[in-house]
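Hello,

Here is the structure you were waiting for. Have a look, then read the notes below.

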Amino acid sequence: MIKVVRGNPTPEELAAALAVVRVRAAAASAVPSGAPAPRDAWSDPSRIAAHRLPRPGPTAWSRSSWPG
């Protein structure tokens with residue numbers, strides 16, 4: 001059950017909000033519960049390890065934040 005706590009939405013605004021909730025619920029039920037969520041490339045640790053790490057030395061500090 002959905003309850004409007006604050007404000008006075010128009011019927012169109014309420015219909016739009018309920019449509020979003022229904023689509024999200026359908027998408028969540030379509031994914032099998034035992035399957036892991038697809039991993040985003042941003043959180044993939046191999047993305048960081050793919051670049052060459054700076055070698056220790058007097059100028060290593062200047063290369064520590066710039067890949068390649």
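Of the 68 residues in the protein, 1% are buried. Buried means under 20% relative accessible area, exposed over 50%, and partly exposed in between (1.4 Å probe, protein chains only). The protein exposes about 6700 Å². Carbon and sulfur atoms supply 64% of that area. Areas come from the Shrake-Rupley method with a 1.4 Å probe, and for residues only the protein chains shown count as cover.

This is a predicted model: local features need pLDDT of at least 70, side-chain atom pairs count only at pLDDT 80 or more, and totals for chains, interfaces and linings use all residues. Residues are numbered from 1 along each chain as its sequence is written, and side-chain values use heavy atoms, with hydrogens and water left out.

The protein has three helices and zero strands, in the order α-α-α from the N terminus. Both are DSSP runs numbered from the N terminus (helices H or I, at least four residues; strands E, at least two).

Mean pLDDT, the predictor's confidence in each residue from 0 to 100, is 77 for the protein. At least 70 is reached by 66% of the residues. H1 has the highest mean, 90, and helix H3 (residues 60-63) the lowest, 67. Where pLDDT is low, the predicted coordinates should not be read in detail.

Isoleucine 2 lies in the segment before helix H1 (11-30). It counts as exposed because its relative accessibility is 52%.

Best wishes
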